[in-house]
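Trainee: I would like to learn how to read the features of a protein model. Could we take them one at a time?

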Protein chains: 2
Amino acid sequence: MPDAHPTFGKMIKRLDSRSPLSEADKLALLSVQHSVRKVPAGAHLVRDGEPPEQCALLLSGYAYRYKITGEGARQIVSLHMAGEFVDLQNSFLQVSDHSVQTLTEADVAFVPMQAIREITLSNPSIARALWVDTLVDSSIFREWVVNVGRRDSRTRVAHILCEFSLRLEAAGLAKDHRYELPMTQEQLADAVGLTSVHVNRVLRQLGEEGLISRDRRSITIEDWQRLREAGDFNERYLHHDFVAAARN
Amino acid sequence: MPDAHPTFGKMIKRLDSRSPLSEADKLALLSVQHSVRKVPAGAHLVRDGEPPEQCALLLSGYAYRYKITGEGARQIVSLHMAGEFVDLQNSFLQVSDHSVQTLTEADVAFVPMQAIREITLSNPSIARALWVDTLVDSSIFREWVVNVGRRDSRTRVAHILCEFSLRLEAAGLAKDHRYELPMTQEQLADAVGLTSVHVNRVLRQLGEEGLISRDRRSITIEDWQRLREAGDFNERYLHHDFVAAARN
DNA sequence: CGTGAGCTTGAGACCCATCAATGTGAGTGG
DNA sequence: CCACTCACATTGATGGGTCTCAAGCTCACG
């Protein structure tokens, strides 16, 4: 039933680019059981500690994953955009180890865990493609560990702005290094392990230096090369280098 | 050919506990093509930026993954012990996004990428089990993002000591909350995003408070409950809760 | 015993957090 | 169309946690 939401095609294209899928695979993905629901901004898709029952694919909008420390501080561990699965891992783990919340209003396709389990057992290429997708997720987590662990505030913020720019462009959601940042400065701060006050100062500084300009939530990268250097950014970890990997 | 190194059994048992394997699956894993080599401490198993050719399974000893920032700072992003794959993701990605180095002398089984690709395509249960293994890796990365992003130094160090204790016990490499920490304080610092000087002070403080005691590289957790609280530690993210997940 | 890597400790500096106040713009209701 | 409100952004002043620099210590090993 290829009357699936158009974003399904986007998701399939991304998977296919890193791990080739046959036409039959693509059709199987298109017709996987799911239900679509519109979800308001700030809604929880997954809650830390609860056993998951379905897997959410973002059809539009943004979401983020986060954890809360015992002190009550929040750390955002990833940001997700249209075409991405936000909690694929939950299909195979007993209990969720973090929460997922929408950043904006979003259209979400909920796929029953069972459907994911079945399609991946009966179709090894789909399993591999989804696996690779989670491996790229991992790579981004590793880079974030480095970002919050070893970079100073200016570098950290510049780095994440570079990452968002490339990921949004790869997803067809931005171009010319200009995009709507769907988060408040406080959320940005929680993603880079700083306070919103300090993020504000850093953004101002990056603006004064002519690396970026801002208008409300819109970010324009005025000088990609310099922002890239300022952010110690190397896009290798995004694994956008789609050289058609695998012969099997 | 079940004349494989005994640690293969350990690895298989761990995989099986989170994602059930048939006897045939286990035999296939035991007889996967590989070559064993003894590697000295400090040797590189993988180098950032290079295309990987094989996948390393640690049979004995310890290894860690790390990245170097443009400033030359090192961030260790994970620690691995006997029975773990250190770079499974490399079998499916074009280029390595980080380096892997041994912490101690180690026996390593090198499995050709091609063998991993083949066994996972022809055997969906093995693919799933390895996938789940990488998902647990991801969960640990997420926790590390939180650790370096939002916890103060004392909490950070206490947290990682708790994590090591549980992981080593689960691997049968420690018991009674006592273990040999296979890293220098500088390496520990690079894992928690601090300096070795500060890690040293924190370790002393934890000792003075009676939470741990140290003798050379040996760590004894004197008061698990209090260290757990000090480290804001909840073992959920380790996904050691082996309730035999899946019917298919 | 000499050597070197790693551990330990102190003093001072600095980056970022905290606290606090004000500014701004979108939405709401009168 | 104008108060009013509320979330978010912005800015300043101050303090603290961690880094940096530097020196001495310990212990395994030759």
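Mentor: We will go through domains, salt bridges, a helix and aromatic pairs in turn. Keep in mind that this is a predicted model.

Trainee: Let us start with domains. Which domains does the assignment give for chain A?

Mentor: Domain bounds are taken from an assignment. For chain A, domain 1 covers 6-143 and domain 2 covers 151-238. Their C-alpha centres are 24 Å apart.

Trainee: How many residues of domain 1 of chain A are in contact with domain 2 of chain A?

Mentor: On the domain 1 side of chain A there are 18, and they touch 18 residues of domain 2 of chain A. Together the two domains of chain A bury about 1600 Å², with 56% of it on carbon and sulfur atoms. On the side of domain 1 of chain A, the residues that lose the most area to domain 2 of chain A are L79(A), M81(A) and E143(A), which together account for 32% of what that side buries.

Trainee: How many salt bridges and polar contacts cross the interface of domain 1 and domain 2 of chain A?

Mentor: Three salt bridges are found across the interface of these two domains of chain A. Eleven residue pairs are in polar contact across the same interface of domain 1 and domain 2 of chain A. As for the elements, helix 1 (6-18), strand 5 (74-80) and helix 4 (124-150) of chain A each give two or more residues to the side of domain 1 that touches domain 2. Strand 5 of chain A provides the largest share of that side, five residues.

Trainee: Now salt bridges in general. How many does the structure hold over all chains?

Mentor: A salt bridge is read from the distance between a side-chain nitrogen of Lys or Arg and a carboxyl oxygen of Asp or Glu, with a cut-off of 4 Å. Over all chains there are 40 salt bridges. One of them pairs E143(B) with K67(A), where the closest N and O atoms are 2.5 Å apart. This pair crosses between chains, from helix 4 (residues 124-150) of chain B to strand 4 (residues 63-68) of chain A. Both E143(B) and K67(A) are buried.

Trainee: Which residues are linked with K67(A) in a network of salt bridges?

Mentor: The network links K67(A) with E143(B), R151(B) and D232(B). In chain A, the side chains of E143(A) and R151(A) also meet in a salt bridge, at 3.0 Å from N to O.

Trainee: Where do R142(B) and D97(A) lie?

Mentor: R142(B) and D97(A) form a salt bridge, 3.1 Å from N to O. R142(B) is in helix 4 of chain B, while D97(A) is in the loop between strand 5 and strand 6 (99-102) of chain A, so the pair joins two chains.

Trainee: Why does R142(B) count as buried?

Mentor: The cut-off for buried is under 20% relative accessible area. R142(B) counts as buried because its relative accessibility is 1%. D97(A) counts as buried because its value is 2%.

Trainee: How far apart in sequence are the parts that D190(B) and R74(B) tie together?

Mentor: The side chains of D190(B) and R74(B) meet in a salt bridge of 2.7 Å, N to O. D190(B) belongs to helix 6 (residues 185-192) of chain B and R74(B) to strand 5 (residues 74-81) of chain B, so the bridge ties together parts 116 residues apart in sequence. Both D190(B) and R74(B) are buried.

Trainee: Next, a helix. Which residues of helix 3 of chain B are buried?

Mentor: An α-helix has 3.6 residues a turn, so residues three or four places apart point the same way. In helix 3 (residues 113-122) of chain B, the buried residues are M113(B), A115(B), I116(B), R117(B), I119(B) and T120(B). They pack against helix 4 of chain A, and also against helix 2 (23-30), strand 3 (54-60), strand 7 (106-112) and helix 4 of chain B.

Trainee: Last, aromatic rings. How many aromatic pairs are there over all chains?

Mentor: A pair of aromatic rings is described by the distance of the centres and the angle of the planes. The count is eight aromatic pairs over all chains. W224(A) and F233(A) form an edge-to-face pair, 6.1 Å centre to centre with 75 degrees between the planes. W224(A) is buried at 16% relative accessibility, and F233(A) is buried at 4%. Ring pairs also link W224(A), F233(A) and Y237(A) into a cluster.

Conventions. Residues are numbered from 1 along each chain as its sequence is written. Chains are lettered from A and ligands numbered from 1 in the order in which they are written. This is a predicted model: local features need pLDDT of at least 70, side-chain atom pairs count only at pLDDT 80 or more; totals for chains, interfaces and linings use all residues. Side-chain values use heavy atoms; hydrogens and water are left out. Rings of Phe, Tyr and Trp (its six-membered ring) pair if their centres lie within 6.5 Å; planes under 30 degrees apart count as stacked, over 60 as edge-to-face and the rest as tilted. Buried means under 20% relative accessible area, exposed over 50%, partly exposed in between (1.4 Å probe, protein chains only). Contact means heavy atoms within 4.5 Å. Buried area is the accessible area (1.4 Å probe) that two parts lose on being put together, summed over both. A polar contact is a pair of N or O atoms within 3.5 Å; within protein, one must be able to donate a hydrogen and the other to accept it, and residues adjacent in sequence count only if both atoms are side-chain atoms. Helices (H or I, at least four residues) and strands (E, at least two) are DSSP runs, numbered from the N terminus.
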